[in-house]
Amino acid sequence: MGSARVSVTVLGLGEMGAALAGAILDGGHPTTVWNRTAGKGDALVAKGASQASGVREAVAAGRVVVVNVKGNSVARELLETAGDDLRGRVVVNLTDGTSDEVREVAAAVAERGGEYLHGQIMTIAPGVGHPDATVFYSGSADVHERHRQVLRLLSGHAPLVSDDPGVAVLYGMAVHGTMWGLLNGFLHAAAVLSDEGVEVGRFLKEAESPLAALSMFLPSIADEVDRGRFATPYGALRHHLPSIEDLARESRARGIDDELPEYSRALVAAAIERGHGDDSYSRLVEHFRRP
């Protein structure tokens, strides 16, 4: 409703910024682009975008200002450069960083009379605009609703997860942390299998069912963490420990790096020593919560 044909400015035309600007332009919105390096916007200008010569000119040209640059210190610097031209503008900051950095940018925008929404992009540049792509948003609910048409040009899934602008990046970090843990575990497993001459692709086919079941555990683990109740009649930590020890010993015997299984073994063993042997794996959240 509020974003039908609204003018949009995009600050930052790296690989991701250019993809964002392209999606907005293809969606029929008057689009102004700016990048510190000259020439980055030529392809977009050829498609109908306007090229601004400076940040203030760029911000003044758009009712919605999308920012995608290298770090929130840069984002804040650029937006502060805009000065009073931010008044009445909506800033949608899609720059990576920490939650505190995001809140600092949001405060700087508010001080200059602008509205703020932060987005955490969960896709690579070619996925921008795809129906299955996700961008988590946090900040102004009014902005999220008013400009949902623009936001949906960037991703099919565009939930507002909090009114605190810093929360969206935490959602992104949570997804990435889960991803890296999964990838590290899988690649360690691949090293063990490959050492025996087992094709990893064949393993995936044969182990499809138990691997698929892993994601089914996450809702129950999340519930245990949220409630702070970890006791379980099945799959307790004391049952995990022997299997982890086997993997660590197998790794050492083959000359494969055992740091990852050893780390897991140490976490589980320490929890058992503290009297949590009959608790589920979710009990280990307390280790990560410790200062």
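Buried means under 20% relative accessible area, exposed means over 50%, and partly exposed covers what lies in between. Keep in mind that this is a predicted model.

**Exercise 1.** Classify Asp142 and Arg146 by accessibility, and describe how they pair.

*Solution.* Start with Asp142: its relative accessibility is 45%, so it counts as partly exposed. Arg146, at 23%, is partly exposed too. Next, locate the two: both lie in helix α6 (residues 141-146), 4 residues apart, about one turn of the helix. Finally, check the charged atoms: the closest N and O atoms are 2.4 Å apart, and the two residues form a salt bridge.

**Exercise 2.** Find where Arg252 and Glu262 sit, and say how their side chains meet.

*Solution.* The side chains meet in a salt bridge, with 3.1 Å from N to O. This pair links distant parts of the chain: Arg252 belongs to helix α12 (residues 237-253) and Glu262 to helix α13 (residues 259-273), 10 residues apart. Now the accessibility: Arg252 has 43% and counts as partly exposed, and Glu262, with 22%, is also partly exposed. To place the pair in context, the structure holds 21 salt bridges. A network of them links Asp195, Glu196, Glu250 and Arg254.

**Exercise 3.** Work out whether Leu154 is buried or exposed, and list its contacts beyond its neighbours in sequence.

*Solution.* First, find Leu154 in helix α7. Its relative accessible area is 2%, so Leu154 is buried. Then leave aside the neighbours within four places in sequence: Leu154 is in contact with Leu20, Ala23, Ile24, Leu94, Val128, Gly129 and Tyr137. As a general point, nonpolar side chains in soluble globular proteins tend to be buried together.

**Exercise 4.** Describe the largest nonpolar core: which residues touch the most other members, and which element gives the largest share?

*Solution.* Begin with the members: the core has 29 residues, and those touching the most others are Val8, Val10, Leu20, Val66, Val92, Leu94 and Tyr137. Among the elements that give two or more residues are β1 (8-11), β4 (64-67) and α7 (148-154). The largest share, 6 residues, comes from α1. A second, separate core has 21 residues, including Trp34 and Val65.

Definitions and conventions: Residues are numbered from 1 along each chain as its sequence is written. This is a predicted model: local features need pLDDT of at least 70, side-chain atom pairs count only at pLDDT 80 or more; totals for chains, interfaces and linings use all residues. Side-chain values use heavy atoms; hydrogens and water are left out. A nonpolar core is a set of buried Ala, Val, Leu, Ile, Met, Phe, Trp, Tyr and Cys residues joined through side-chain atoms within 4.5 Å. Buried means under 20% relative accessible area, exposed over 50%, partly exposed in between (1.4 Å probe, protein chains only). Contact means heavy atoms within 4.5 Å.
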